[in-house]
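Subject: Structure handover

Hello,

Here is the structure I said I would pass on. My notes follow below it.

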Amino acid sequence: MNESLDSNECLQVFVRCRPLLQSEMQLPVPVEVHAEVNKIIVRDVGCNKNAVKAFSFDKVFGPEAGQDLVYRNVAAPLIQEVLMGFNCTILAYGQTGTGKTFTIEGDRNGALNNTTEVNYSHFKVE
């Protein structure tokens, strides 16, 4: 588990927010990403403009977060746990087009590729 978090936790929730698309930049943005405090604030841009909800997570990655940062904070800590015999799962969940596949597979440096390389190098027979 991520050593910066309580080691007794069985479930951790991480959020990665993608950058806005060009077509989205002129629209009202209902989401504020506060990665430094691991919070996301969602505002209603429709009828009830005063409706605001804040959500806290174990870790929030803003649009500027690269693949390596996400890997080091999410997948890398789990590798040692897997090698010690623990079951670990990374689940990517979200709306279509939000970057789940990119986070997991990447362009060669996603969580899956990096984890596979580390595991193969650990079990490499010479």
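What percentage of the 126 residues of the protein count as buried? The figure is 22%. Please keep in mind that this is a predicted model.

Overall layout

The protein has five strands and three helices. Read from the N terminus, the order of elements is β-β-β-β-β-α-α-α. If we take contacts between residues at least 6 apart in sequence, 43% of them join residues at least 24 apart. The accessible surface comes to about 9,400 Å², and carbon and sulfur atoms account for 56% of that surface.

The aromatic pair

There is one aromatic pair in the structure. It consists of Phe 14 and Phe 61, whose ring centres are 6.5 Å apart and whose planes meet at 25°, so the pair counts as stacked. Phe 14, at 24% relative accessibility, counts as partly exposed. The ring of Phe 61 also has a charge over it: the charged end of Lys 59 sits there, 5.5 Å from the ring centre.

The strand β2 region

Leaving aside residues up to four places away in sequence, Glu 24 touches Arg 18 and Pro 19. With Arg 18 there is a polar contact between the two side chains, at 2.9 Å.

Val 31 lies in strand β2 and is partly exposed, with a relative accessible area of 35%. Not counting residues up to four places away in sequence, Val 31 touches Ile 40, Ile 41 and Val 42. The C-alpha atoms of Val 31 and Arg 43 are separated by 6.4 Å, and these two residues are 12 apart along the chain.

Asn 38 is in the loop between β2 and β3 (39-43). Its phi is positive, about 55°, although Asn 38 is not a glycine.

The annotated binding site

An unreviewed UniProt entry places the feature "binding site" at Gly 94, Gln 95, Thr 96, Gly 97, Thr 98, Gly 99, Lys 100 and Thr 101. I looked at two of these positions.

Thr 96 lies in the loop between α1 (67-83) and α2 (100-105). At 76% relative accessibility, Thr 96 counts as exposed, because the cut-off for exposed is over 50%.

Lys 100 lies in helix α2. Its relative accessibility is 24%, so Lys 100 counts as partly exposed. Which residues does Lys 100 touch, not counting those up to four places away in sequence? They are Ala 92, Tyr 93, Gly 94 and Gln 95. In the case of Gly 94, the backbone oxygen lies 3.2 Å from a polar atom of the Lys 100 side chain. Gly 94 and Lys 100 are both among the positions in the UniProt feature.

Regards

Conventions. Residues are numbered from 1 along each chain as its sequence is written. This is a predicted model: local features need pLDDT of at least 70, side-chain atom pairs count only at pLDDT 80 or more; totals for chains, interfaces and linings use all residues. Side-chain values use heavy atoms; hydrogens and water are left out. UniProt positions are given in the numbering used here, feature names are shortened, and annotations may be inferred rather than shown by experiment. Helices (H or I, at least four residues) and strands (E, at least two) are DSSP runs, numbered from the N terminus. Buried means under 20% relative accessible area, exposed over 50%, partly exposed in between (1.4 Å probe, protein chains only). Contact means heavy atoms within 4.5 Å. A polar contact is a pair of N or O atoms within 3.5 Å; within protein, one must be able to donate a hydrogen and the other to accept it, and residues adjacent in sequence count only if both atoms are side-chain atoms. Rings of Phe, Tyr and Trp (its six-membered ring) pair if their centres lie within 6.5 Å; planes under 30 degrees apart count as stacked, over 60 as edge-to-face and the rest as tilted. A charge sits over a ring if NZ of Lys or CZ of Arg is within 6 Å of the ring centre and within 35 degrees of the ring normal. Accessible areas come from the Shrake-Rupley method with a 1.4 Å probe; for residues, only the protein chains shown count as cover.
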